[in-house]
Amino acid sequence: MQLDIRLLGPVELRVGGRRVAPGPGKRRAVLAGLALAANRSVSLDRLADMVWSDVPPPSATANLRSHAAALRRMVGDRLVTRPNAYELRMQPDELDVTEFHRLAENGRTALVRGYALDAVPALDAALALWRGAAGEGLPTGTTLDNRWASLEEQRLQVFEVLTDARLAVGRHADLLPGLREHLAAYPLRERAWGQLMLALYRCGEVPAALAAYRDARARLDQHLGIEPGEELAALHRAILERAPDVSYTRPPPVIAAPSTADPAPAAETSRTVPRELPPDLVTFVGRTREAGEVSTGATGRAPAVVVVTGPPGSGKTGLAVHAAHAVAGEFTDGQIFVDVAYRASVTPAELLARVLRALGVAPGDMPDSADERAGRLRSRSPPDAGCCWSSTASPARPRCGPYCPPVPVPP
């Protein structure tokens with residue numbers, strides 16, 4: 001039995017392709033809370049906090065069990081009873097929130113790897129899942145409010161990542177109406193102001209780009225009493241100076257070069273130095289403190305592993321790549337980029353093999369075991385090697401160097 005639960009707008013439930021009315025607002029809140037914690041037990045106390053804005057009434061447990069029984073008649077054995085808790089069993093593609101995160105991360109990853117044309121449809125599809133405000137129509141003042149606010153922030157970030165992608169492929173004029181509407185609703189988003197300035201400048205509207213900066217400065221001062229951040233101010237200076245790096249340069253076509261690879265293992269002295277970092281983002285506004293922490297951790301006196309953590313879609317990969325570009329000159333022996341997003345089955349041995357291949361180890365010379373591959377990596381790594389690790393979940397301690405505290409990326 002296929003389920004389809006939609007929370008990015010008014011709560012909807014489809015069972016076997018047929019739309020089913022979940023019932024009153026509190027029952028829909030129970031459904032939403034269980035779906036957001038899919039495949040995990042949710043205690044009755046936590047459910048009560050998701051349903052009632054103040055102290056739950058004495059009848060809360062009885063009411064919750066009544067709502068759960070009604071939902072079970074709709075979804076069958078997908079709703080499992082646990083001791084003083086319930087669990088809703090779901091596949092990832094049965095919840096629009098999970099699909100939004102997947103599409104957003106795919107688009108963001110494509111962009112930081114330099115594939116802006118591939119990023120645009122993924123990010124468009126992520127935003128198309130939204131039908132209104134997340135959790136629309138549910139009781140307010142509950143613990144679910146924080147989840148809805150977090151999702152709304154992620155939606156705004158995805159819109160701005162999509163804008164970066166469209167800037168990268170030269171769709172400057174097409175961006176202007178949507179950016180102005182976005183900033184009318186959210187006038188304190190410096191990243192979007194920078195994108196508007198850049199789009200106007202690349203359309204030849206230099207006075208309008210400078211006027212947009214004045215508008216941004218006035219809004220920030222009016223609402224927050226602050227000046228624009230250094231990145232927005234730097235973009236303003238670059239536009240004033242008509243700096244070449246803010247003009248649009250069409251990327252050259254990709255031409256496949258004929259293969260001249262020798263099947264024999266390359267000599268150690270003639271190997272190509274890996275330069276695998278994806279292109280930096282077109283604009284990078286905000287996250288200045290976090291980017292500084294990553295750069296400082298990676299270039300400290302001792303080799304370091306810097307871990308960037310945060311929820312899906314929060315910009316972990318973009319931050320890591322941006323910081324890596326900032327310190328790339330410190331790592332003249334090369335830079336390696338490995339993308340393991342949505343590859344839950346990747347093993348340490350596979351990851352080590354990927355890195356060793358980038359360092360010139362031929363397939364025929366690849367050690368069999370993970371332990372031997374780790375030893376070969378240590379032998380081939382310079383003494384000042386660093387590592388930046390981006391992870392949605394709290395990662396276990398990496399083993400490729402001394403450990404630095406994780407750099408959290410807020411949602």
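Which residues of helix H14 (residues 370-380) are buried?

Analyst: The model is predicted, so local features need pLDDT of at least 70 and side-chain atom pairs count only at pLDDT 80 or more, while totals for chains, interfaces and linings use all residues. Residues are numbered from 1 along each chain as its sequence is written, and side-chain values use heavy atoms, with hydrogens and water left out.

The buried residues of H14 are Arg 373, Ala 374, Leu 377 and Arg 380. Buried means under 20% relative accessible area, exposed means over 50%, and partly exposed lies in between, with a 1.4 Å probe and protein chains only. Helices (H or I, at least four residues) and strands (E, at least two) are DSSP runs, numbered from the N terminus. Looking down the axis of H14, its buried residues fall within an arc of 130°, so they line one face of the helix. The arc is taken from the directions that lead from the helix axis to the C-beta atoms. Asp 371, Arg 378 and Ser 379 are exposed on the other side of H14. Helix H13 (348-358) is included in what covers the buried residues of H14; contact here means heavy atoms within 4.5 Å.

Buried residues make up 44% of its 411 residues.

A sheet comes next. Three strands form an open sheet in the order S4-S6-S5, with antiparallel pairing. Strand S4 (42-43) and strand S5 (79-82) are the edge strands, each pairing on one side only. Two strands pair if DSSP finds at least two bridges between them. Four bridges join S5 to strand S6 (residues 85-88), and Thr 81 has Tyr 86 as its bridge partner in S6. Two bridges join S4 to S6, where the bridge partner of Ser 43 is Ala 85. The hairpin of S5 and S6 has two residues between the strands, and Asn 84 takes a positive phi near 55° there.

In a regular strand the side chains alternate between the two faces of the sheet. In S6, Ala 85 and Glu 87 point one way, Tyr 86 and Leu 88 point the other way, and all are buried.

The last feature is a contact between rings. Rings of Phe, Tyr and Trp (its six-membered ring) pair if their centres lie within 6.5 Å; planes under 30 degrees apart count as stacked, over 60 as edge-to-face and the rest as tilted. The count by this rule is one aromatic pair. Phe 100 and Trp 130 have ring centres 5.7 Å apart and planes at 80°, so the pair is edge-to-face. Phe 100 is in helix H4 (residues 96-112), and Trp 130 is in the loop between helix H5 (116-128) and helix H6 (144-168), 30 residues apart. Phe 100 counts as buried at 1% relative accessibility, and Trp 130 counts as buried at 12%. Arg 155 lies over the face of Trp 130, at 5.7 Å from the ring centre. A charge sits over a ring if NZ of Lys or CZ of Arg is within 6 Å of the ring centre and within 35 degrees of the ring normal.
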